[in-house]
Amino acid sequence: MNILLLGSGGREHALAWKMAASPLTERLYCAPGNAGIAQEAECVALDLSDHAAVVAFCREHKVDLVVVGPEAPLCAGIVDDLESAGIKAFGPTRAAAALEGSKGFTKDLCRANGIPTAAYARFKDAAVAKAHIHSHGAPIVVKADGLAAGKGVVVAQSQAEAEAAVDMMFAGGIFVSNPGEAGGEIVIEDFLDGEEASFFALCDGETAIPLATAQDHKRAFDGDKGPNTGGMGAYSPAGNIDLAMSGRIMNEIIAPTMRAMKAMGTPYKGVLYAGLMITAEGPKLIEYNARFGDPETQVLMLRLMSDLVPALLASRDGVLKSFDLRWYAEPALTVVMAAKGYPGNYARGTVIEGLDEAAAVERVEIFHAGTKTDGGRILANGGRVLNVSATGKTVREAQARAYEAIARIRWPEGFYRHDIGWRAVERERRP
């Protein structure tokens, strides 16, 4: 098969790395790609917002399957346009991608179908939103309704912080990939106490099968401090989701969502990524994403024993009922190296050295998230720049390998957390 992968981040590098190893892959293209993806695929300069150009490329290069990585093209309906042109595409339609594209849509769906989530209210007026905050107190969570590249959520520890978040969002003061939508409405919900986890299911519109679990680290700095980010690291499996909890998540959250979407005439196909809080009462949905997570994909691909390409095809073709995936038992961990200043302003174009030495560490893979080439040099070209990933017999062993590799990378303009996987390491130390 000729496959086109859309995207340019660490998630896409991990997917490209896995798909390139498939015997089904004849030619692998990636648009626009990055310096790391260029080692696995032929990178092409396509504007992902120009759906006609993507369709034309697929026809010219006889592309058999398009795999959509990021959320913005999904929410813009690129799967609809590809399928209308007779080109197979992996991912949800525009209508189904509303599970990520609108926080309010998802919360309303949860309420209507008895799916456990935090109590919430929707607001289009800042003064009314602030009155709600005043009556409920803090901590409280303020969310932009639309896409915000992982930065549209403020977990406010005080009423003043929550009110500032309201003002920022209504003023459009967040980094949004669809300006206007995220600033137009906000969702305010109760704070959930518990431990977060990322749960992924592969869906074909009717059937959903669970993938491996993972735990992300959203805060920018050590000790889970600092602003929320798109993710500063992850490990798999998540220690707070055993088989029994996985069954509850499938039965109480994923399955009713699949039924509801089908009943609405918008069956969900692709990866459904549930951001969860595991509370004393059980799992509760924080949010849905309509695509693979980043950086969770990096650790999932390291642990996936099965060929990825047939799984993506089975999802698109509606035949997951008879499908099975196999996973390596050993854990995987990834550490994000980001440009100083992220998730705020940061510099581009700084030189990264030592990647070959870092990749020489046993059982380490380095996935590029925001890089470009300049002659023989690798330059930073984004906020999250590298995913230094490793496997091991334990999370602690994988963690040690990842940080050993990072120590060999020379990039003074970068930073990273030093405690990725700390919860799992603490669990391993317990008798």
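Because the model is predicted, local features need pLDDT of at least 70 and side-chain atom pairs count only at pLDDT 80 or more, while totals for chains, interfaces and linings use all residues. Residues are numbered from 1 along each chain as its sequence is written, and side-chain values use heavy atoms, with hydrogens and water left out.

The sheet comes first. Four strands make up an open sheet in the order β6-β9-β7-β8, and the pairing is antiparallel. (Strands are DSSP runs of E with at least two residues, helices are runs of H or I with at least four, and numbering goes from the N terminus; two strands pair if DSSP finds at least two bridges between them.) At the edges stand β6 (120-123) and β8 (153-156), each with a single partner strand, so one side of each has no neighbour in the sheet. From one strand to the next, the twist averages 20°. Between β6 and β9 (residues 186-190) there are four bridges, and Y120 sits opposite E189 in β9. Helix α7 (residues 126-136) packs on this sheet, touching β6, β7 (140-144) and β9, and its direction makes about 5° with that of β9. Helix α8 (residues 159-170) packs on the sheet too, touching β6, β7, β8 and β9, with its direction at about 165° to that of β8. (Contact means heavy atoms within 4.5 Å; axes are lines fitted to C-alpha atoms, for helices over the stretch in contact, and angles run from 0 to 180 degrees between N-to-C directions.)

Next, the backbone. Most residues other than glycine have a negative phi, and most peptide bonds are trans. The bond from D294 to P295 is cis, with omega near 25°, and P295 falls in the loop between β17 (282-289) and α11 (296-303). The bond from Y342 to P343 is also cis, with omega near 10°. K62 has a positive phi, near 50°, in the loop between α2 (51-60) and β4 (65-68). K62 is exposed, at 62% relative accessible area (exposed means over 50%, buried under 20%, partly exposed in between, using a 1.4 Å probe and protein chains only). R363 has a positive phi near 60° and is partly exposed at 34%.

On to charges: the whole structure holds 31 salt bridges, each a side-chain nitrogen of Lys or Arg within 4 Å of a carboxyl oxygen of Asp or Glu. R27 pairs with E42, the closest N and O atoms being 2.7 Å apart. R27 lies in β2 (residues 27-32) and E42 in β3 (residues 42-43), so the pair ties together parts 15 residues apart in sequence. R384 forms a salt bridge with D294 at 4.0 Å; R384 is in β23 (residues 384-391) and D294 in the loop between β17 and α11, 90 residues apart. D294 is buried, at 12% relative accessible area. A network of salt bridges links E195, D224, R417, D419, R423 and R427.

Beyond its neighbours within four places in sequence, K269 is in contact with G91, P92, C203, D204, G205, S315 and R316. The side chain of K269 reaches the backbone oxygen of R316 at 2.9 Å.

Conventions. Polar contact = N/O pair within 3.5 Å; in protein donor to acceptor, adjacent residues only side chain to side chain.
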